[in-house]
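Look at the ligand site, then at the domains and one loop.

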Amino acid sequence: MENQQIHLSIRNVSKTYANGVKALNKINLEIPSGMYGLLGPNGAGKSTLMRTLATLQEPDEGSIYLGETDVLRQKEEVRQTLGYLPQEFGVYPKVSAEELLDYFAVLKGIMQRAARREVTERLLKQTNLWDKRKQKLGGYSGGMKQRFGVAVALLGNPKLLIVDEPTAGLDPAERVRFLNLLSEVGENSVVILSTHIVEDVAELCTNMAIINKGEILLQANTQQAVAGLEGKIWRKLTAKNTLPAIEQEHRVISAKQLSGRSLVHIYSSEDPGNGFELVAPDLEDVYFSTMTGNYVQPQQVEEAIQL
Ligand code: ADP
């Protein structure tokens with residue numbers, strides 16, 4: 001049982017808020033254990049989906065299964081095995097990390113003091129907060145608070161760990177530390193990293209999906225998605241005012257401003273000429289070509305529907 005691989009299955013999940021916003025539109029995702037990236041711009045529907053998976057809100061329709069467990073109907077069972085690190089993580093500023101973690105452990109149902117002490121010690125060490133365990137949480141940096149959030153989320157060895165926009169407020173060093181910590185979480189759990197930051201997914205996630213306007217645009221193995229663009233991404237550094245003409249002629253997937261000029265990436269199966277050079281694609285190219293409608297994997301879409 002211990003090593004059994006768990007799988008999260010999301011079928012036809014939709015949600016329209018009272019104000020008429022359709023935040024999720026028939027979402028279908030098959031998420032294996034390991035790190036999974038849910039990538040999309042602000043407003044795409046990520047938090048809505050994460051809160052739904054965390055049993056904090058109901059969809060209008062659809063089903064969600066974690067292994068054999070019906071997430072929408074067996075909420076208490078899911079909560080026992082769920083770790084959720086929300087976007088905004090409030091802490092009680094006047095208590096220490098050690099005290100608060102112990103308190104959350106009680107809420108998770110770890111009643112024996114000795115067992116609690118063992119778990120909290122292990123998690124505080126794992127999140128590199130052991131030396132700071134007596135310090136009040138009010139004095140913690142953003143990165144330390146996030147790592148404390150991970151310690152809380154990992155209580156009770158969750159089979160499903162949901163991390164919503166974790167690196168947004170972190171400085172680069174804290175971000176690296178945080179991502180390393182996440183990557184240590186067992187391969188036997190489903191870990192979903194919801195983010196608008198492409199590098200977070202590129203560095204960590206074996207599988208991923210891209211969501212926009214409540215719809216899944218791509219579901220893929222991260223490396224395969226990048227490999228699928230091999231030989232198709234071309235770039236050129238050009239004067240900003242030539243951009244409209246390039247857009248007329250080519251399938252522009254991104255244009256970055258670089259000291260007054262534009263670094264343009266286009267999608268083309270053949271050599272576009274015009275001074276464009278072929279580049280090795282990366283996940284950002286996957287993201288932007290998907291968002292601009294240039295990257296479709298008919299085979300994968302079909303597979304997803306058949307599952
Ligand atoms: P993301 O996490 O990708 O930024 P959200 O799930 O937060 O996306 O939001 C998806 C859409 O739903 C957005 O248009 C947002 O404004 C809207 N939305 C989110 N929560 C609510 C709510 N409680 N009531 C009404 N609209 C909401």
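A polar backbone atom of G45 lies 3.0 Å from an oxygen atom of the ligand. This is a polar contact, meaning a pair of N or O atoms within 3.5 Å. The model is predicted: local features need pLDDT of at least 70, side-chain atom pairs count only at pLDDT 80 or more, and totals for chains, interfaces and linings use all residues. Residues are numbered from 1 along each chain as its sequence is written, and side-chain values use heavy atoms, with hydrogens and water left out.

**Ligand contacts**
- The side chain of T48 places an N or O atom 2.5 Å from an oxygen atom of the ligand.
- Y17 also takes part through its side chain, where an N or O atom is 3.5 Å from a nitrogen atom of the ligand.
- Of the 560 Å² of accessible area that the ligand has on its own, the protein covers 63% (Shrake-Rupley method, 1.4 Å probe).

**Ligand shell**
- The ligand is surrounded by 13 residues, and the closest are G43, G45, K46, S47 and T48. A residue counts as near if one of its heavy atoms lies within 4 Å.
- Helix α1, residues 46-53, gives the most to this shell, with four residues. Helices are DSSP runs (H or I, at least four residues), numbered from the N terminus.
- By class, the shell has five nonpolar, six polar and two charged residues. Asp, Glu, Lys and Arg count as charged; Ala, Val, Leu, Ile, Met, Phe, Trp, Tyr, Cys and Pro as nonpolar; the others, Gly among them, as polar.

**Domains**
- Domain 1 spans 2-94 + 151-221, and domain 2 spans 228-306. These bounds come from an automatic or database domain assignment.
- Their C-alpha centres lie 28 Å apart.
- In domain 1, 15 residues are in contact with ten residues of domain 2 (heavy atoms within 4.5 Å).
- About 1,000 Å² is buried between the two domains, and carbon and sulfur atoms give 75% of this area. Buried area is the accessible area (1.4 Å probe) that two parts lose on being put together, summed over both.

**The loop at W130**
- W130 sits in the loop between α4 (113-126) and α5 (142-154).
- Leaving out residues up to four places away in sequence, W130 touches E121, L124 and K125.
- T120 is ten residues from W130 along the chain, and their C-alpha atoms are separated by 9.4 Å.

Definitions and conventions: A polar contact is a pair of N or O atoms within 3.5 Å; within protein, one must be able to donate a hydrogen and the other to accept it, and residues adjacent in sequence count only if both atoms are side-chain atoms. Helices (H or I, at least four residues) and strands (E, at least two) are DSSP runs, numbered from the N terminus.
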